[in-house]
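Dear colleague,

I am handing over the structure below, followed by notes on what turned up when I went through it. Please read the notes with the coordinates open beside you.

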Amino acid sequence: VTASIERVILPVKDNSATLQIVRMKAGSTLPRHSHDGHEITLVLGGTLRDNGQLYRRGDVMACEAGLVHSPVVGEAEDCLCLVLTDAPIRLTGFWGRTLGRLRRF
């Protein structure tokens, strides 16, 4: 998706849901985005900080529809997550929308 984010989309039976494995490079920040639906993230490795909360391996981060955020990966190691969404995310701001169109994020 970007130089610091890689993802593999996994097949699901529900066409409205997306299940993916996402690897984010240590120290990277995910593009600021909002949610039209829910997102559930299981941290498989590394750490992720979002809205003042630290998530480690085995932790689950649940995001409600309407949330706008930009998670940050810990400095020590890459972060690997399993992410389930029930609606597309929307990158916010001019550069986020431009990047999203170019990279199909």
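In this predicted model, three strands form an open sheet in the order β6-β5-β9, and their pairing is antiparallel. The edges of that sheet are β6 (53-55) and β9 (72-73), each of which pairs on one side only. Between β5, which covers residues 48-50, and β9 the antiparallel pairing runs over two bridges, with Leu 48 standing opposite Val 73 of β9.

Strand β10 (residues 79-85) has two pairings that I would like you to look at. With β2 (residues 18-24) it pairs in the antiparallel sense over seven bridges, and there Thr 18 stands opposite Thr 85; with β4 it is again antiparallel, over six bridges, and Ile 40 faces Leu 84 as its opposite residue. In a regular strand the side chains alternate between the two faces of the sheet.

Finally, a search of the whole structure gives one salt bridge, in which the side chains of Asp 36 and Arg 90 meet at 2.8 Å, N to O. Asp 36 belongs to the loop between β3 (33-35) and β4 (39-45) and Arg 90 to strand β11 (residues 89-91), so the pair ties together parts that lie 54 residues apart in sequence. Asp 36 counts as partly exposed, at 41% relative accessibility, and Arg 90 also counts as partly exposed, at 46%.

Terms used
Residues are numbered from 1 along each chain as its sequence is written. This is a predicted model: local features need pLDDT of at least 70, side-chain atom pairs count only at pLDDT 80 or more; totals for chains, interfaces and linings use all residues. Side-chain values use heavy atoms; hydrogens and water are left out. Two strands pair if DSSP finds at least two bridges between them. Helices (H or I, at least four residues) and strands (E, at least two) are DSSP runs, numbered from the N terminus. A salt bridge is a side-chain nitrogen of Lys or Arg within 4 Å of a carboxyl oxygen of Asp or Glu. Buried means under 20% relative accessible area, exposed over 50%, partly exposed in between (1.4 Å probe, protein chains only).
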